[in-house]
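Here are my notes on this model, for someone opening it for the first time. Please read them with the structure in view.

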Amino acid sequence: MKRYRILASESFQVPSLLKGNISIDVIDDLWKNPTELVIKAKDYDALIVRNMTKVDSSLIHQLKSIKVIGRLGAGTENIDTDSASQSNITVVYAPIQNTNAVAEFCVAQVFNVFRHLPEAINEAKQGLWNRGKYLSTGREVKNCNIGVIGFGHIGKAFSQKMLALGANVLVYNRSSSKVTPPFQYANLITLLQNSDIISIHLPGGDETKGFINKENIGFIKKGAYILNSSRGSIINEDVLLKALESESLGGAILDVRTIEPAKADSIAQHSNSNHYRVWNGDYCSSSSYPYFNRLCTCTHYLSCLFYLITQYLP
């Protein structure tokens, strides 16, 4: 019986349901060195990546023995799927698995913004007791306006949770027909003008790159927050920084950045400033053990991967 080998170029919890003729080798930091990745991959049948490995056309054309690429995540924007197809490499991924983790993260950030929890905790650590300050500035989620841009699995799950908390949920989606009661469809400008927090749930790629830009950011309600847990490229960060510096925006919750790992740029340097509030994260939105466990043992994902390996490889 032929033994099939899978190489993982990033951290990966090897599932216990591996078939006897399939093995997985994990090299956590291999994504940092594409040249080394190519050398290692020549002895493997399949490659597993997460979000840091950039599987571009140059890399794909050098993966002579790889027949299947598995993406441990909800999208494939870091994989050149066209080049993979041209090279007869099948790409599989694991959608839906992070839906609840990201939706819960977004709900938590709404409470952080409205009740000033990070600031209050930091002040308490300093021995300060500013109860009056938060009595006059804290807000309740009930009856607030939450704008949701993108109504896929995560956008819809977040909307459902906010609706259950009594918020008014406005939804913009490229296909308005997908937005049905009790959710309220709004065009983009109306959503930006009326939302207290704007949560972005769009896929990455050329179609959504710079979706929030100088043409539309000025429509955002003064003092509102932008929450981005999808892809950093969706927001033009130069435009975002200007809006923050002018204080037209109340702040930005950025779990993703255009360049990752995020550099010590102007946005990151001001993340703890009192001038405006910026939360500069590191993919915390999907950082839950239940999600990671689901991801690594995703029956659909792994069954596709193993089936392709055993059925289509000689």
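1. The protein has twelve helices and twelve strands. Both are DSSP runs, numbered from the N terminus: helices are H or I with at least four residues, strands are E with at least two. This is a predicted model, in which local features need pLDDT of at least 70, side-chain atom pairs count only at pLDDT 80 or more, and totals for chains, interfaces and linings use all residues. Residues are numbered from 1 along each chain as its sequence is written, and side-chain values use heavy atoms, with hydrogens and water left out.

2. Of the 314 residues in the protein, 47% are buried. Buried means under 20% relative accessible area, exposed means over 50%, and partly exposed lies in between (1.4 Å probe, protein chains only). The protein exposes about 15800 Å², and carbon and sulfur atoms supply 50% of that. The areas come from the Shrake-Rupley method with a 1.4 Å probe; for residues, only the protein chains shown count as cover.

3. Contact means heavy atoms within 4.5 Å. Take the contacts between residues at least 6 apart in sequence: 61% of them join residues at least 24 apart.

4. Look next at helix α4, residues 99-115. Its 17 residues reach 25 Å from first C-alpha to last, close to the expected 24 Å. That expected span is 1.5 Å times one less than the number of residues. Buried residues in α4 include T99, V102, F105, C106, Q109, V113 and F114. Just after α4, H116 takes a positive phi of about 55°.

5. K221 sits in the loop between β9 (197-200) and β10 (225-228). Beyond its neighbours within four places in sequence, K221 contacts L192, Q193, N194, S195, D196 and S248. The C-alpha atoms of K221 and L249 are 7.7 Å apart, though 28 residues separate them along the chain.

6. S230 lies in the loop between β10 and α9 (237-245). S230 counts as buried because its relative accessibility is 8%. Leaving out residues up to four places away in sequence, S230 touches I200, H201, L202 and V256. The C-alpha atoms of S230 and G204, 26 residues apart along the chain, are separated by 7.5 Å.

7. What does the side chain of S230 reach at 3.5 Å? The side chain of S230 reaches the backbone oxygen of I200. The side chain of S230 also makes a polar contact with the side chain of N228, at 2.7 Å. A polar contact is a pair of N or O atoms within 3.5 Å; within protein, one must be able to donate a hydrogen and the other to accept it, and residues adjacent in sequence count only if both atoms are side-chain atoms.
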